[in-house]
Structures are given as C-alpha cells and as structure tokens.
Amino acid sequence: ALSSYFITPRSPIQFTAPPKKSKQGQFLLGAKEDWLCKMVIYKSNLEWLLSLPHHRFWSQVVYGNDTWDAVISFLQEGYPFYCLDNLTEDEDIQETYYIIMNLVFKIFARISTQKESKENWIGDKKYGSLLYNYTILSVPIFLDLCVIFGVFNAEEVKRIIVNSFEAQPLYKEDFNNSIQHIKSIFHSIEEQFSNSSSSGLVSKLSDRKLPIKDMTIPHVQDIVFYSLDISVTLSTFVEYYQEAAGILHSHRFEVNVASFYDNVITDLSRRIQIICDKEGNMDTYFTLMFKLNQARYFLIQLFHQCIQSTLNDRNDGGDLISKDSADGYLDILADCLIYKTFMRDYQNKFPVKSDLEMLWKKCPELDNVKYNFLLESILVCLSPKKESKVEGPATSNLINNQVLPITSPSSSASKIEVQGIELESLVTEVKDILPHLGDGFVKKCLQFYNYSSSSVINAILENNLPDCLSSISQSLPNIPSENHIVAESSSKLNQDPVPFIPPENVNPYFPERVNVFDNDEFDIMTRDHMDTNRIFKGKRNDPKQKDLKDVIDDKSFRDQLRNKFSLLGLIEETDNTYDDEYDDTYDDSEFPVPEAGEQPFQKFVTPRVLEQAQKKVNAKSSAQNEESPEEYGGAEDDYEEEEEETTLVRSRNVLFVENPEQVRARFEDQRMKKLKPWQREQQQPSRNVVGNPKGQGQDKDTQFNRNKKNVHKSHQANHSRKKAALHKRFQ
C-alpha cells in the first residue's frame, strides 16, 4: 500500500552541471571540490532510493517532497549524447558524472516496471493513474530520456517508453497536442532567416531576418544547438516509439521539416562561414559546421521516418499498401518539391525512385498521373548536375550516415553566364523594387551574386554588400566594355558554322508559322508574284463607290419613277407654294372633325350611372301614377312638376366616388358597434398636454397629462439633452 506514512525526509539536493575550466586550464578556487561534495550527497540519495522496498520506494516517489524533482534535475542539467564532448576533461568529474547517470537510469527503469515480483506489483489502472496524475513521467521526460540514455541503452529506453504509453493512453494525446507547439518553434526560427512571414501576413521590418553583420557567434551558436537538439530529440523519440511517426504525419510535419531545412539550415551555414571569417575564429567554425551537419542528418532521418509510416500501413495486414497511404506519401513529396536543397540531400541519402517503384508494385489503385508527375519532377529537378562542383570543408556524402555539403550559388565553381534579354529582365526585376539604381551597378551585383535577383535585393536592402560593390556608385549606368564586345564577336567568328537544312515545303525563316491568312493571294511567304494592282495603300476614293451620305441624298430615282406613276394617276400636280394662313392642325388627325353646322359622326351616349338613376326615377314615377286617383287631376299635374324637380336634383347629386371621410366615419361606427361596453371604455383618449393659452388657467386633465409625460419621458429618446450637454462640456 502507498501512503505518506512511509516517507523518510532527506536533504533535497539538486543535480548541477559540472564546473568548467578557465582559459588557463584550471578550475576556480574550490569549484571542483564543492561540486564533488554536493554530488556525493546526491549520489547517496539515489542509492538510498533504489535500496527501498517496493511500497516505500513508490510512496517516497509519489508523496515525498522534492524527491522526484531531484531525480528529474539530472535530465534538465545533464549532457545529451551529442554534447558529451563539452563535459569537463577531469577524471574525478567524469567518473562521478557517469556513476550518477547510471543510478538515475536505474531509477527510471524501476519506475517503468509495473511488476517487480509476485508480491510487489501495481494494477494496470492504478499504475497508469500514478504515472500521469502525479507527473512522474511525461512527454518532455520521454524526450530527455531518448537524448541522454538512448545511445547507451536503446532497448531499455524503448521498453520504458512503450510500457508507459500502453499503461496510460493519455500520453499519446499529450504528444499529439504538443506537435503544434513544435511547429510554432520551427516557424519562429524560420522568421529570423526569411524576408517575410511564411503564413502570408505582412510583417514589420524590425521583425524580419537579421543582417549577417548584426549576428554574432553566440547568437548563431544558440540557433545551431537549438536546431540540433530539437532534430535529435524528435528523431530518436520516433525511432524508439514508432507510432509517433504516424502522429507527426497526420499533422503534415514533413513539410515543416523540409521548410526548416531549406530556409534555416542553408542560410545558417552561409552565415557561419561569413561571421567566422570576419572574426577569424576557425575553431568555432569547424565546431559549428560539425553540429550543423549533425542537425541536417537527423532532420533528414526524421523526415524519412515520418513519411515511411505511410508505406507501412498495409491493407488488412497483407503485403499491399492502401490507396490512402499511397496518396498521403505522394502528397507529401509533391508539397516538398519546392524545397530543392532539402530534396536533393534527401535523394542522396534515401533515393525516392526506389520508394516510388515499390509503391507502384504494392498499390494497384495508385494514381498514375500523380505518380508520373512526381517521378519526372524528381528525375529532372533533383538529379545531380554534372557541371556543379562543390568546394568547402564539409564535402562528405549523406551515404553511410554522413551528410552532404549545402549547395549554394556562391559555392559552385562554374558561374552562370546570362546575357541578352535574360540579363535585361533580371535588371528590370531589381529596378522594379529599387528604381534609383543604375543599370551598370545592378549588372555588377547580379554578376557577383550569380545572377540571383532576390539575393541582390536582399543584400541592398540589408546594406550588406561586399566591399567590391559598396565602393561602386549605385547610379552607375550601363557601359558595355570594348573587351567584352571584341571577345564576344571573336567567339562567334571562331565557331564553326553549322548549316541549317530546312525540311521540304517549309520556309527556312519561319518554320513554325501558323496564320489564318496562310496561302491566300497576298501571302508573300508562299507566293513570289502577286497582282499589285489589287493592293491599295491609304484611303481610296473610287468614283464608282459612293459614300453613305451621297447615297441617301441621291433622289434621281424619283425622275425614273415619275412617268410610271403618272400613267397610273397616283401623282397629282400640285402647287408647292406654302400658304401661311392655312390651318394644318387637324391634317394628321385619324378621325375627321365636323365642320360648323354639320352633324357629329357619333351620337351622344348617356353615362351608365345616369341611366341607372334615370331608370329608378322613372320606375318610382310610374308606380305613383298608378296609385293616384284620376279625380285628382289638378293635384296630379302639381305632383308631376315636383317629381321633375326632384329628378333634376337627384341627377345632379349622383356621385361617381363616395366621400372618403364619410366612408371612414361609417366603418368607425360599425367597429364601435361590434365592441362591448367595457371595451369601448378602454379606448384611450388623446392626452392633451397643450391646454389653454397662457394666463387662462389649465384644467385638471391637462395638468395630469403634463405630469405623466414628465415622469415617463425617460422611456423615450432625445431626453435630458441639457444635462447631457453639461456633462459632456465639463469632462
């Protein structure tokens, strides 16, 4: 059982790095003895911890204060295998260091052992929760174990990592979440060596890469060791825990590795050479280049481990590779083709052609178009050039676990010669960004930087030109030298002329001419003679062909047709004199207008509304005549006269459109009739706040309405303007 009861207090001694010797080869007074004295106590604590029984050992690790922190301190201050050359050259210090290193590794081996004996063991769930909840082991601890103990105890380190990941699956999730942080580290280092942010965002000039003259050896040294540390750590971890390669591949980490290699490592080697040459420190140069080549090797190894995880994904455990895995492999290669320096080094270490051929055989569903494209691109773009020769101290190959030198334009022995239109286009590219430069100055810069316009622009913007170019005036015009002209002409004269024999039926000057007017009567390429009379240059005034205006103004056709229409009687001879007194108002009218005294062509029609009213009046009058007795003859005549008067009055009052006011009043009366009495009382009357004129007094309703409006005015906008204005004024 684990309990805090079994804890034994010990002095918390942390591991510290061994002291360094001075330039004279001696330690500071008492530094060596002090470190050895502390390490004796630290070593005794480790030996005591290993000697504890099972339950006390785990109780001390889980509940003991600073016990496990003291063990982990060795991982934080210890030397990785690639930095053991920095360990102080002293027998006592080295002996003590390796003893402590062995004890720490034994403690981690015991921690990763779930069952020590039949009596001493921990259950699966309890063991996984102890490791994870009490942070005994974590992903950073696994990475440190790989770089410190992996070279000396590879199998045991692999067992520790695999057992821990099987006991606690949350470690895999933690590693998956940490990949984004690793990618951000790569991105932050790339930003120091690139002109713009790789994310496509606009960046400040102060955030862009540092000029070479502003970088120092400590700054470059930090970046080299940081790149080496992260590349070695990830590569060894993926080697011991192969499932990590699939996790990295799911995040397309291979593209980040290729980008980091091409943008940082390539530029870093050039900066190391320039800075060390400037300061005259060649020992540091060889040390940094050796570390940088190690980082290059492990980055290529990491890329290979991640991309090979796709080829290991087989269908149902068989020998065939799934289509998704093959497409993932091809997609990664297609995205990395733009990083030619990395792909060239990767091709030298791990030939891609063999992987593609194997993929073609074991994946029958492979996309042929994508496969052929990648194969041609790799063979054409990444094939080593025979003319390029590399100079420098690092001239080894990546074959047999070694690295290739980084190829750069300045390191190639054969310079590129660009002339004519290509040279003018490069000058134009530079002057589009820097228009104040002269053509002659730009050409000299292009010649120095091997005709790379981007390198010229970067060097000028960073004010990092060499002395041979900085001493030249930047406004130097283009002055072609006579020697260059004579040499060029002599080289052309010395060349043996090669006669060109064109094929049959093809013009030797235009062998590939294609035009819609080929082989017509004016084609000088296929005809030796043509009718020049049909060729006219300029504006042609042909008397036979008239202008549009002349054609419209020509009325001669009237004379030709006049005799024909005169025989038919369709044309009358009229006097063409104009009469000012003639009224032509109704000449174009469609309907004839009657003259004075004539009857209209259409009778008057009574409107339908008046006809209906007249019919009603006639009906009423006929009904009254039937009811009235004949003896009242005199009264009947008076009645008829009254009826005629009422008929005229009614006919005058017939309305075509009813008065809208009466319509609204009628509908309002109908609506009020439908409401119940208590609903009619709820109809809110208009609140009068104006009231009577000043001096005549106000009634009770007006004062009540004014008071209510004053109380509730805060519920409406545009109130308290005076108060708000005063508040704004005195702020």
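Modeller: Contact here means heavy atoms within 4.5 Å. This is a predicted model, in which local features need pLDDT of at least 70 and side-chain atom pairs count only at pLDDT 80 or more, while totals for chains, interfaces and linings use all residues. Residues are numbered from 1 along each chain as its sequence is written, and side-chain values use heavy atoms, with hydrogens and water left out.

Colleague: With which residues is Pro-19 in contact, leaving aside its neighbours within four places in sequence?

Modeller: Pro-19 lies in the segment before H1; helices (H or I, at least four residues) and strands (E, at least two) are DSSP runs, numbered from the N terminus. The C-alpha atoms of Pro-19 and Ala-31 are separated by 6.5 Å, although the two are 12 residues apart along the chain. Apart from neighbours within four places in sequence, the contacts of Pro-19 are Phe-27, Ala-31, Lys-32, Trp-35, Thr-88 and Ile-93.

Colleague: Is Pro-19 buried or exposed?

Modeller: Buried means under 20% relative accessible area, exposed over 50%, and partly exposed in between (1.4 Å probe, protein chains only). Pro-19 has a relative accessible area of 15%, so it counts as buried.

Colleague: Why is helix H2 largely enclosed by the rest of the structure?

Modeller: Helix H2 spans residues 54-63. Its buried residues are His-54, Phe-57, Trp-58, Ser-59, Gln-60, Val-61 and Val-62, and they pack against helices H1 (31-51), H3 (67-77), H4 (91-111) and H5 (124-133).

Colleague: With which side chain does the side chain of Thr-67 make a polar contact?

Modeller: Thr-67 is found in helix H3 and, at 14% relative accessibility, counts as buried. Leaving aside neighbours within four places in sequence, Thr-67 is in contact with Leu-49 and Gln-60. A polar contact is a pair of N or O atoms within 3.5 Å; within protein, one must be able to donate a hydrogen and the other to accept it, and residues adjacent in sequence count only if both atoms are side-chain atoms. At 3.2 Å, the partner of the Thr-67 side chain is the side chain of Gln-60.

Colleague: How many helices are there in the protein?

Modeller: Of the 731 residues of the protein, 32% count as buried. Among contacts with a separation of 6 or more, 69% join residues 24 or more positions apart. The protein has 0 strands, and its helices number 29.
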